[in-house]
Amino acid sequence: MRTIQGNWHQEYGKLKAKIEVLSKSQRHLMGEQLDSLSHKELQQLENQLDNSLKHIRSRKNQVVFGSITELQRKEKALQEQNKSLEKQILEKQKAKALTQQAHWEQAQTSSSSPPFLLADANHTLNIGCYQGRATIGGEVEAVEVQARINGSILPPWMLNHLNS
């Protein structure tokens with residue numbers, strides 16, 4: 001039993017010393033308690049930090065490169081998906097245009113009557129009215145002049161040609 005207890009005691013002492021060395025090393029790496037270090041120890045610490053920075057930068061570059069590669073892959077996939085969707089849209093638009101054209105042609109061929117019918121052929125088009133001036137008792141009044149020829153009302157602008 002004493003040998004087991006002695007082994008535990010030795011192991012405890014070794015682990016405690018190791019923890020102290022690691023704590024001291026960590027403090028040195030953090031830039032603390034550097035006064036006790038010699039010039040050679042400071043140079044070794046600096047080299048250790050430089051090597052650590054190289055590894056950190058290398059790993060960072062790997063991560064950045066991996067991220068860029070992944071983003072490029074996703075961008076390419078999205079571009080392919082966009083092209084596919086554009087093709088589908090164009091196909092649907094073409095199909096819709098063909099359907100509309102077929103309906104229009106069917107409406108044109110099935111319709112025997114003209115697209116518009118004149119309700120009454122005797123109606124005339126009045127574009128405006130001509131107002132002449134007449135004097136009644138010295139006062140000037142506006143008078144609307146219209147002429148009827150064969151039951152049709154002539155627009156006022158045609159009256160000038162008839163009077164000439």
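**Which parts of the chain have the lowest and the highest confidence?**

**View 1. Confidence along the chain.** This is a predicted model, where local features need pLDDT of at least 70, side-chain atom pairs count only at pLDDT 80 or more, and totals for chains, interfaces and linings use all residues. Residues are numbered from 1 along each chain as its sequence is written, and side-chain values use heavy atoms, with hydrogens and water left out. The score here is pLDDT, the predictor's confidence in each residue, from 0 to 100. Confidence is lowest in strand β2 (residues 139–145), with a mean of 48, and highest in α2, at 94. Over the chain, pLDDT averages 80, and 66% of the residues score at least 70.

View 2. H28 sits in helix α1. Is H28 buried or exposed? H28 is buried, because its relative accessible area is 11%. Leaving out residues up to four places away in sequence, H28 touches Q33, L34, S36, L37 and L45, where a contact means heavy atoms within 4.5 Å.

**View 3. Q33 in its loop.** One of the residues H28 touches, Q33, lies in the loop between α1 (2–29) and α2 (39–110). Q33 isn't a glycine, yet its phi is positive, at about 55°. Most residues other than glycine have a negative phi.

View 4. E70 pairs with R73, their closest N and O atoms 2.3 Å apart. The two are three residues apart in helix α2, so about one helical turn separates them. E70 is partly exposed, at 33% relative accessible area.

**View 5. Residues 140–144.** Here pLDDT stays under 50, and the model has 15 contacts beyond four places in sequence for this stretch. Where pLDDT is low, the predicted coordinates should not be read in detail.

Terms used
Helices (H or I, at least four residues) and strands (E, at least two) are DSSP runs, numbered from the N terminus. Buried means under 20% relative accessible area, exposed over 50%, partly exposed in between (1.4 Å probe, protein chains only). A salt bridge is a side-chain nitrogen of Lys or Arg within 4 Å of a carboxyl oxygen of Asp or Glu.
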